[in-house]
Amino acid sequence: MASYNPASLEKKWQQTWAEKGLYRAENESDKPKFYVLDMFPYPSGAGLHVGHPLGYIASDIYARYKRLQGFNVLHPMGYDAFGLPAEQYAIQTGQHPAITTEENIKRYREQLDKIGFSFDWDRQVKTCDADYYHWTQWIFLKLYDAWFNPSKQKAEPISELLNILSTQGYAGNSDDALTGSFELDIPAFSAADWNSFTEAQQEEVLLNFRLAYLSETYVNWCPALGTVLANEEVKDGVSERGGHPVERKKMKQWSLRITAYSERLLEGLNRIDWSESIKDTQRNWIGKSEGCSIFFDVEGSNEKIEVFTTRPDTLFGVSFLTLAPEHSLVSDITPAERRMVVNEYINKAKNRTERERMSDVKHISGEFTGAYAIHPFTGKKVPIWVGDYVLAGYGTGAVMAVPGHDSRDHAFAKHFGLEIIQVVKGQGEHDIQAESYDAKDGELINSDFLNGMQVKAAVKKMIGEIEAKGLGKGKTNYRLRDAIFGRQRYWGEPIPIRYENGLPKALTTDQLPLELPEVDKFLPTEDGEPPLARAKDWKFETTTMPGWAGSSWYFLRYMDPQNPGAFADRKALDYWQDVDLYIGGSEHATGHLLYARFWMKFLFDLGLVPVDEPFKKLINQGMIQGYSAVVNKLPLLEKYTLYISNELAAEWKKTDVIPDFLKAELAKHGAGEVSVNHLIQERIDIRLAKGEFDLDIEGFKQSFHYEANGEFIQSGKTFLLAREVEKMSKRWYNVVNPDDICEEYGADTLRMYEMFLGPLEMSKPWNTNGIEGVYRFLGKFWKLFYDENDQLKIQDSPAEKAELKILHKAIKKVKEDIESFSFNTSISTFMITCNELGNLKCAKREILEPLLVIMAPFAPHITEELWQAIGHSTSVHQATFPEFKEEYLVENSYSYPVSINGKTRTQIEFALDVSEEEVKATVLADETVQKWVEGKELRKFIFVKGRIINLVV
């Protein structure tokens, strides 16, 4: 073959690998298994940009490396295909989301194939396929038909609970064997009562226990999207997708009782190899806190307010109570004269999401209800406020405010002029009125029987007193909320539930899959029902499952994707077990990663999977950011724009004095006074930036960015653009298409360049200019095998010591780099190795053949082509990763710098065990040394073994 031509050879090998099924994994093998997985993508209409494949390239390198090490590697790919954008497009155009999604999937597949990934495409899954969501529905039915047994800390079939209720009844919230640390809003009943209940009454009780249940709950409602959003889909009060306003709304919703698994989700983090930052994110999201509940009587009422606190030692410092705006008692205890103002506040507060309320510590708001509670120990009247810094979903939705020792309570008290009492004294002086003392150590003061005790002892003492007086009990709370499961959307998995007399009834497994029906429109009905209510003769649940339902178990389906009788065969599950390496974005820490762990633990409890954690090792790749091209423009008149080169605009910004060039332009066009504030920075298509961000003026004039009658002002030969490093996005016109890179430079160049940009887990900017260096390297690598006449020059003569040293140094480094995911330094190693072998004019098979193998995971196409060229009939990707041999790196000699009067004049190599006499004799006889010492007296000969030789003359 002629000189390196990636366009022809890459397509050839991609087709050959597909025809031979080279990357097909077997479910039965004598080889050890290794499961490498990427977080599968949602196929959008925009296709992939160069930032998307970063994690896929890393996982592909590792998958190929493990195959070379003799592992049976499962490396699949599929599509998270139920997405809101496809539904929004359907609403706008009337095109069915299935058509849009299939077109997008086809586009993604073309792009992925061009990059040369070693995916086992026979195992592809699409979550929107009925044969896939059949099993998502099946798992939902298992959740519906199960409860979490606190005494066994595991899920069991609901039949086990029915047996307990029919023989023992339910003793209320004190029945820890059934409730654990969770309180249920149902009264106690006997076994006889249970057996006398109607079916409707029994089902109402069971919904308090089922792991999939229907209930009235506050949700994040997005009117513009017409659906409920999960907490992680809302940021700063608006939807993450589209930026639409989100409000809190009470609705009847399906939920999954993930809270039952709070403790096990925390414990499991200790057994998996994930980054501490991701683990901490999950720990904080689950939010375990130990303390106790306390009941406060409401003055003039039979009502009691329960609070949960982790600091019962500070009870004597309570100066007010704060209820969440959603708290059920607010309307009951608020007197008539305060009701209007309190209701106005509640209506405003309910539209702020829980996440926004938790994070916004600067915004302080609240209203006094007009009611008072009675302090359970002092009998003192305590004002009851409502404030949005208290969340209905955490604890009891009420807090005992101790402003002396909690920063948020302190800020609230200062804002509204409420009493601040100090009850804990730390080391040194502390002005409690200026700042709260939040430390959990110190001596109790102003606290009756707790005075003089240290905090830890006081906590224990107070819990004992509270329990002795029947005022509450010690307990553990979690911040984690149950997962809202229903979505008011069309494009999602139908929930396999029908209703009889208003009661939910599960479909039987032989009725699955419950497929999406046809509808006339993809909008909610005129009376606000979800789109499925439009379907003719639809007698089932009208909400659909959320996007994360299918992604909570897809890694299991890859193990046996064509199985019609089970979500996966038990033998396949026992063989593959779990994902050994999972690569994806850290943004999924509190969404997909948490839900997948929950589903896996549930399936493990039912004996359906062999392990309870899905992902052994998790790597979060960083983001490839884009350079945005920014043009400085100044609108002078209604139809006239001045474009100013960036160096001139920067100078103007520094001084804010109108520069001379601009004065002339203003005078020429009769424009009024302007200031630097009138200068507009506008992002333009990155393809209009050349070299070091010079504007392609002619191309710009042909683009939609250009405004007619524009004039360009510059000081040099080129017109300079400003540049910004930011997220790669169509919005900023800075997207780089990987197809374009593959067409111009080849997939191997793209793969190696993305790894060369920097450490995998760091974000880094894309710079197309830098890709030339990687492309040139591959051309230089090719020339190790072919001469200037494009003739193969491979030699079978034995390798020399220096050549073996270069090779084994590379084997050692690349192996270490791959196993530590330091792929960027591997690319540097290949470049250095190529240069060193080129300098030695090495074309030895003994050297170049193993070099091809270690580079094959990174550049699979060029290495396959060269592997075949040097005489192999099997694939380089079926070879064996070469073994590093230490003996080739052991130094037997050293090249000594020889200095004369402190200046290095030459280098002479000696064996490491040489004697000083031999060294001296050889050095003095050396031709170069003789030239510098000729006619001079040798005063001193210095020899430091393994370091230097110095002559003083």
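Student: Let me start with Glu743: is it buried or exposed?
Tutor: Glu743 is exposed, because its relative accessible area is 58% and the cut-off for that word is over 50%. Please keep in mind that this is a predicted model.

Student: Where does Glu743 lie in the chain?
Tutor: Glu743 belongs to helix α24, which covers residues 738-745.

Student: Which residues form the negative surface patch?
Tutor: The patch consists of Asp740, Glu743, Glu744 and Glu772. Helix α24 supplies the largest share of this patch, three residues.

Student: And on the positive side, which residues gather in a patch?
Tutor: Lys903, Arg905, Lys931 and Lys936 come together there, forming a patch of positive charge on the surface. One of them, Lys903, sits in strand β33, which spans residues 903-911. Lys903 counts as exposed because its relative accessibility is 52%.

Student: Let me step back to the whole thing. How many helices and strands are in the chain?
Tutor: The chain has 32 helices and 35 strands. It contains 953 residues, of which 53% count as buried. Along the principal axes, its C-alpha atoms fill a box of roughly 115 × 75 × 75 Å.

Student: How many salt bridges does a search of the whole structure find?
Tutor: The search finds 52 of them.

Student: Take Lys12, then. Which side chain meets it in a salt bridge?
Tutor: The partner of Lys12 is Glu865, at 2.7 Å from N to O. This pair links distant parts of the chain, since Lys12 is in helix α1 (residues 6-20) and Glu865 is in helix α30 (residues 860-869), 853 residues apart.

Student: What about Glu203 and Arg210: how do their side chains meet?
Tutor: They form a salt bridge of 3.0 Å, N to O. Glu203 counts as buried because its relative accessibility is 9%. Arg210 is buried too, with a relative accessible area of 6%.

Student: Where do Asp817 and Lys813 lie?
Tutor: Both are in helix α27 (residues 801-819), four residues apart, which is about one turn of the helix. Asp817 counts as buried, at 5% relative accessibility, whereas Lys813 is partly exposed, with a relative accessible area of 31%.

Student: Which residues do salt bridges with shared partners join into one network?
Tutor: That network is made of Glu267, Arg271, Arg597, Lys601, Asp612 and Glu613.

Student: Switching to strands now. How many residues of β1 are buried?
Tutor: Six of the six residues in strand β1 (residues 33-38) are buried, so the strand is described as mostly covered. Lys33, Tyr35 and Leu37 point one way from β1, while Phe34, Val36 and Asp38 point the other way. In general, side chains in a regular strand alternate between the two faces of the sheet.

Student: Which strand pairs with β1, and in what sense?
Tutor: Strand β2 (residues 72-74) pairs with β1 in the parallel sense, over three bridges. Tyr35 stands opposite Leu74 of β2.

Student: And β34: which residues are on its covered face and which on its uncovered one?
Tutor: In strand β34 (residues 940-944), Phe941 and Phe943 make the covered face, and Lys940, Ile942 and Val944 make the uncovered one. β34 pairs in the antiparallel sense with strand β35 (residues 948-952), over five bridges. Within that pairing, Lys940 stands opposite Val952.

Student: What do β34 and β35 form?
Tutor: They form a hairpin with three residues between them, and Gly946 in the turn has a positive phi of about 75 degrees.

Student: One last topic: in what order do the four strands of the open sheet run?
Tutor: The order is β6-β5-β9-β19, and the pairing is antiparallel. The edge strands are β6 (227-229) and β19 (483-484), each of which pairs on one side only. Strand β5 (residues 212-222) is joined to β6 by three bridges, and Asn220 has Leu229 in β6 as its bridge partner.

How values were computed. Residues numbered from 1 in each chain as written. Predicted model: local features only at pLDDT ≥ 70, side-chain atom pairs only at ≥ 80, totals over all residues. Heavy atoms only, no water. Patch = residues over 30% accessible without salt bridge, like charges linked within 9 Å, V, L, I, M, F, W, Y side chains within 5 Å. Areas by Shrake-Rupley, 256 points an atom, 1.4 Å probe, with all protein chains shown as cover. Salt bridge = Lys/Arg side-chain N within 4 Å of Asp/Glu carboxyl O. Lys, Arg positive; Asp, Glu negative; His and termini not counted. Charge placed at Lys NZ, Arg CZ, Asp CG, Glu CD. Helix = DSSP H or I, 4+ residues; strand = E, 2+ residues; numbered from the N terminus. Buried < 20%, exposed > 50% of the residue type's maximum accessible area, 1.4 Å probe, protein only. Pairing = 2+ DSSP bridges.
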